[in-house]
Amino acid sequence: MKRAAKETALDRELADLPADLRWREWLRRIEAVLFASATPVAREDLARVVGQGASVDLLIEDLAADLEGRPYELAGVGGGWMLRTRAVYATAIRAAADVGARDLNLSEFDLAVLAAIGYHQPISRDGLKEIFGKEISRDLIGRLAERDLIATGPREPRRGAPYTFVTTETFLAAFGLESLRDLLDTENIV
């Protein structure tokens, strides 16, 4: 009940403001929502904080332009948007915040399995075994899931109905991808 009251308290239209100030306020609202979110925010969610006639896409374009030259940028990830630090500042952030321990810290083989899941999802451990010619341990799958890079997908429609694995929005964000279509085309890899 309280949430509904808060939502109705938000003046989305801002009819009492001149057009340029209204646009600026909608832009600030979108930036605030993106700033507060640790995950990508969908267009539909952003549309809830702006007026009916406002174009979320144009507001996003204006926000991206406003952020030029700043240490963070607007990134399209998994069908939504998020604010993230520009890669050039990663070393400075790690040095100041001592966040080195939070790196993905994956071995080459872990990355290869993650790439196979990305390209062949949904895929089961048996499917991964066919690709690599050896059993893929539950521990490796667990490490990737623990880092929220993969999740369980639909069960395979065969005896025993084994789980399959798919990549997550965290996977997209970690590798700077907007969608899986941004993965390299395997036919062009030498």
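Residues are classed as buried under 20% relative accessible area, exposed over 50%, and partly exposed in between (1.4 Å probe, protein chains only). The structure is a predicted model, in which local features need pLDDT of at least 70 and side-chain atom pairs count only at pLDDT 80 or more, while totals for chains, interfaces and linings use all residues. Residues are numbered from 1 along each chain as its sequence is written, and side-chain values use heavy atoms, with hydrogens and water left out.

Ser 124 lies in strand E4 (residues 123–124); helices (H or I, at least four residues) and strands (E, at least two) are DSSP runs numbered from the N terminus. Because its relative accessibility is 2%, Ser 124 counts as buried. Residues up to four places away in sequence aside, Ser 124 touches Glu 156, Arg 158, Tyr 163 and Thr 164, contact meaning heavy atoms within 4.5 Å.

Leu 63, in helix H4 (residues 56–66), is likewise buried, with a relative accessible area of 1%. Beyond neighbours within four places in sequence, Leu 63 is in contact with Leu 27, Ile 30, Glu 31, Leu 34 and Leu 74. The C-alpha atoms of Leu 63 and Arg 28 are separated by 8.5 Å, although these residues are 35 apart along the chain.

Helices H6 (residues 108–120) and H7 (residues 125–132) pack at an angle of about 115°, with their axes 11 Å apart. Axes are lines fitted to C-alpha atoms, for helices over the stretch in contact, and angles run from 0 to 180 degrees between N-to-C directions. At this packing, Phe 109, Ala 112, Val 113, Ala 116, Ile 117 and His 120 in H6 meet Leu 128, Ile 131 and Phe 132 in H7.
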